[in-house]
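Reader: I would like to go through this entry and ask for the grounds behind each label.
Author: Go ahead; each label will be set against its criterion.

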Amino acid sequence: LCIDKDFLLAIEILKDLIKTCPKDPHVASILGRVYLQMGNVKSALLAFRHAENVIENPAASALAHFNR
């Protein structure tokens with residue numbers, strides 16, 4: 001139960017960061033990884049897609065590669 005609260009708090013903080021820095025792919029990528037840790041694959045994929053959409057050159061980005 002405590003771990004779930006930590007994940008939920010992390011998600012809340014990361015979503016606030018995305019609102020503040022919508023062009024930062026690292027924040028969206030971290031959010032995706034938190035969702036994966038919780039077993040929420042659908043939300044993780046959405047977060048990873050957001051990260052990919054804001055990366056300037058996804059083909060040359062290690063971050064985009066690791067999110068796949």
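Reader: What share of the contacts with a separation of 6 or more in the protein chain is between residues 24 or more positions apart?
Author: The share is 38%. The model is predicted, and the values here are computed from it.

Reader: How do you know which secondary structure pattern the protein chain follows?
Author: The chain has four helices and zero strands, and reading along the sequence gives α-α-α-α. A run counts as a helix if it has at least four residues, and as a strand if it has at least two.

Reader: Why is Val34 called buried?
Author: The relative accessible area of Val34 is 12%. Buried means under 20%, so Val34 at 12% is buried. Val34 sits in helix 2, residues 25-38.

Reader: What does Val34 touch, leaving out residues up to four places away in sequence?
Author: Val34 touches Phe7, Ala10, Ile11 and Leu14. Contact here means heavy atoms within 4.5 Å.

Reader: What makes Tyr35 buried or exposed?
Author: Tyr35 has a relative accessible area of 10%. The cut-off for buried is under 20%, so Tyr35 is buried. Tyr35 also belongs to helix 2.

Reader: Which residues is Tyr35 in contact with, neighbours within four places aside?
Author: The contacts of Tyr35 are Ile11, Lys15, Asn40, Ser43 and Ala44. From Tyr35 to Ala47, twelve residues along the chain, the C-alpha separation is 8.6 Å.

Reader: Which residues touch the most other members of the largest nonpolar core?
Author: They are Ile11, Leu14, Ile18, Leu31, Val34 and Tyr35, out of 13 residues in that core. At least two residues of this core come from each of helix 1, helix 2 and helix 3 (41-54). Helix 2 gives the largest share, five residues.

Reader: Where does Leu14 make its contacts, apart from neighbours within four places in sequence?
Author: Leu14 is in contact with Val27, Ile30, Leu31 and Val34.

Reader: Why is Ile13 called partly exposed?
Author: Ile13 has 43% relative accessibility. Buried would need under 20% and exposed over 50%; 43% falls in between, so Ile13 is partly exposed. Ile13 is in helix 1, residues 2-20.

Reader: What makes up the nonpolar surface patch of about 250 Å²?
Author: Leu9, Ile13 and Leu17 make that patch. A patch residue needs over 30% relative accessible area, and Ile13 is at 43%.

Reader: Why does Asp4 count as partly exposed?
Author: Asp4 is at 41% relative accessibility. That value lies between the 20% and 50% cut-offs, so Asp4 is partly exposed. Asp4 is placed in helix 1. Asp4 and Met38 are 34 residues apart in sequence, and their C-alpha atoms are 7.8 Å apart in space.

Reader: How many residues does the protein chain have, and what percentage of them is buried?
Author: The chain has 68 residues, of which 32% are buried. Its accessible surface is about 4900 Å², and carbon and sulfur atoms account for 61% of that surface.

How values were computed:
Residues are numbered from 1 along each chain as its sequence is written. This is a predicted model: local features need pLDDT of at least 70, side-chain atom pairs count only at pLDDT 80 or more; totals for chains, interfaces and linings use all residues. Side-chain values use heavy atoms; hydrogens and water are left out. Buried means under 20% relative accessible area, exposed over 50%, partly exposed in between (1.4 Å probe, protein chains only). Accessible areas come from the Shrake-Rupley method with a 1.4 Å probe; for residues, only the protein chains shown count as cover. Patches are made of residues with over 30% relative accessible area and no salt bridge: like charges are joined within 9 Å, nonpolar side chains (Val, Leu, Ile, Met, Phe, Trp, Tyr) within 5 Å. A salt bridge is a side-chain nitrogen of Lys or Arg within 4 Å of a carboxyl oxygen of Asp or Glu. A nonpolar core is a set of buried Ala, Val, Leu, Ile, Met, Phe, Trp, Tyr and Cys residues joined through side-chain atoms within 4.5 Å.
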